[in-house]
Amino acid sequence: MKPFIACLMLTSPDGSLHPSRWTKSPDGDRYDFSKICDKVREELHCQAWMVGRVTMAEMAKGAPHAPQGPQEVARPTHFANREAKSFGILDRSGAVHYGGPDLFGDHIIALLGHDVPDSYLAELAGDGVSYVVAETADFDVGELLAVVSREFGIERIVLEGGAATNGALLASGLVDELNFIVAPALEARSGTDSVVEFGTDGLAGKVELSLIDCQQLGHGMVNLRYAASKPSNS
């Protein structure tokens, strides 16, 4: 059984994800906006957070350090810390390097594609990182998350992008709820990142949203809460 997934994004009305580039507001600044976002995240009561490769690489800031010599590694799973109570989850790529088992005090679980090399798995195991490797070339995030949920007792995950990861999970029907926290600021640069992205076809016909609530927050912010579901005719 897959865990409940709530997507949480702090954004401007024009869809920007970069508070450092936003216009100023008399209602508050990016530090105020971040605190409000943290409060909403806590209220979601999720045991784990999930991001994609680019976001995780920016946070981990590690370099390759695969152990030398032949390695015996476990596939498709390696669970380094079953006693952990909070988790950070990464999807697919074998390109992020950590240097330790945790980020921000949360145990790391890597969801990996079928073709990741044994040298990378040995690096993760040496760092104390848990992982689940897809057993076929088809990277089914739902199946991998079901393993994580079963093995670690994770029932709720907060998904925090970036745009391509959000789009992929929405398209696959894995996201249950969206929380778009909109701040009173704008970026308006051409070519900037967006909240959700899914190739050239987009998400039309793949997901439907229905409004749960529009919550007025402090510092001129609102939280637009939507339930996400597969289209009724799919």
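Asp127 lies in helix 3 (residues 118-127), where helices (H or I, at least four residues) and strands (E, at least two) are DSSP runs numbered from the N terminus. The model is predicted, so that local features need pLDDT of at least 70 and side-chain atom pairs count only at pLDDT 80 or more, whereas totals for chains, interfaces and linings use all residues. Residues are numbered from 1 along each chain as its sequence is written, and side-chain values use heavy atoms, with hydrogens and water left out.

Asp127 is buried (under 20% relative accessible area, 1.4 Å probe, protein chains only) and has no salt bridge, defined as a side-chain nitrogen of Lys or Arg within 4 Å of a carboxyl oxygen of Asp or Glu; the nearest side chain of opposite charge, Lys61, is 16 Å away. Beyond its neighbours within four places in sequence, Asp127 is in contact with His65, Tyr98, Gly99, Gly100 and Pro101, contact being heavy atoms within 4.5 Å.

Strand 10 (residues 208-216) and strand 11 (residues 222-229) pair in the antiparallel sense over 8 bridges, pairing requiring at least two DSSP bridges between two strands. Within this pair, Glu208 stands opposite Ser229, and the hairpin has 5 residues between its strands, with His219 in the turn at a positive phi of about 55°.

Key:
Buried < 20%, exposed > 50% of the residue type's maximum accessible area, 1.4 Å probe, protein only. Lys, Arg positive; Asp, Glu negative; His and termini not counted.
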